[in-house]
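Here is a short tour of one protein model, written for someone who likes to know what sits where. Take a look at the sequence and the structure, then read on.

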Amino acid sequence: MNLHRANKKADWDDIPPSERNVFQRIAAKTDGTVTPGNVVSVAGAATVASGLKDIYKGKTSRGVVKVGIGRIGDLIDGTVADKTGTKGPKGEATDAGIDKALMMTALPVLVKKGGLPKYAAGALVVQNVASAGIAAQAKQEGVELHPSEAGKKAVFGQWGAVRLYGIAEVARRDDSPNTARGPE
């Protein structure tokens with residue numbers, strides 16, 4: 001697993017400007033804001049947000065597909081940053097922030113639409129708030145934190161749990177006696 005993980009310095013900081021690739025030059029000019037990894041992260045987040053909007057409006061199938069496609073961005077942003085030599089502290093923070101923001105955005109939509117029980121959403125809120133609080137406290141104390149494989153797997157697991165609750169809800173609705181069925 002290739003993480004969108006950086007040291008205190010960006011990949012391009014120790015490379016002379018004349019030897020930087022085009023992505024590193026853009027990253028350096030934008031202080032690490034515009035990088036291929038960040039573009040993947042933000043595009044994935046926008047796709048998830050669009051999918052959540054579809055789910056909210058009752059276009060569930062389309063929304064679920066968009067959310068799945070958008071979350072792929074979280075799986076590949078680190079690889080993209082690594083392959084282009086553009087890993088940096090801002091990319092690392094962008095990735096982690098997007099993970100938290102998307103989960104906190106998804107939970108009320110999924111609870112409202114019946115795809116996630118309130119108790120499960122509550123547990124995910126507690127975990128995400130605790131994680132963000134611990135990270136903020138560590139940063140305030142000067143502790144250097146970086147994404148870990150365990151953390152990435154935890155986020156993957158959270159979204160996996162959300163998916164499983166959604167599948168269970170669809171199955172429950174399909175088995176409902178009020179559901180119209182064709183010939184068997």
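## Ground rules

A residue is called buried when its relative accessible area is under 20%, exposed when it is over 50%, and partly exposed in between, using a 1.4 Å probe and the protein chains only. This is a predicted model, in which local features need pLDDT of at least 70 and side-chain atom pairs count only at pLDDT 80 or more, while totals for chains, interfaces and linings use all residues. Residues are numbered from 1 along each chain as its sequence is written, and side-chain values use heavy atoms, with hydrogens and water left out.

## Salt bridges

Side chains of opposite charge can pair when their charged atoms come close. Here a salt bridge means a side-chain nitrogen of Lys or Arg within 4 Å of a carboxyl oxygen of Asp or Glu. The model has seven of them by this rule.

Let's begin with Lys66 and Asp54, whose closest N and O atoms are 2.8 Å apart. Lys66 belongs to helix 3 and Asp54 to helix 2, so this pair ties together parts that are 12 residues apart in sequence. (Helices are DSSP runs of H or I with at least four residues, numbered from the N terminus.) Asp54 is buried, at 5% relative accessibility, whereas Lys66 is partly exposed at 23%. Arg62 joins Asp54 and Lys66 in a network of salt bridges.

Two other pairs are worth a look. Lys9 and Asp14 form a salt bridge at 2.7 Å, N to O; Lys9 is partly exposed at 45% and Asp14 is exposed at 60%. Lys87 and Asp82 also form one, at 3.6 Å, N to O. In that pair, Lys87 is buried at 11% and Asp82 is partly exposed at 35%.

## The cavity

A cavity is a set of points on a 1 Å grid, over the protein atoms alone, where a 1.4 Å probe fits but cannot get out; its lining residues have an atom within 4 Å of a point. The whole structure holds one cavity of 30 Å³ or more. The largest cavity has a volume of about 50 Å³, volume being the space filled by probe spheres set on the points.

Which helices supply its lining? Helix 2 (36–56), helix 3 (60–83) and helix 4 (89–112) each give at least two residues, and helix 3 has the largest share, with five. The lining includes Ser41, Arg71, Asp74, Asp95 and Leu102. By type, the lining has three nonpolar, four polar and five charged residues; Asp, Glu, Lys and Arg count as charged, Ala, Val, Leu, Ile, Met, Phe, Trp, Tyr, Cys and Pro as nonpolar, and the others, Gly among them, as polar.

Conventions: On a 1 Å grid over the protein atoms alone, a cavity is a set of points where a 1.4 Å probe fits but cannot get out, and a pocket is an open set with protein on both sides within 12 Å along at least five of seven lines; lining residues have an atom within 4 Å of a point.
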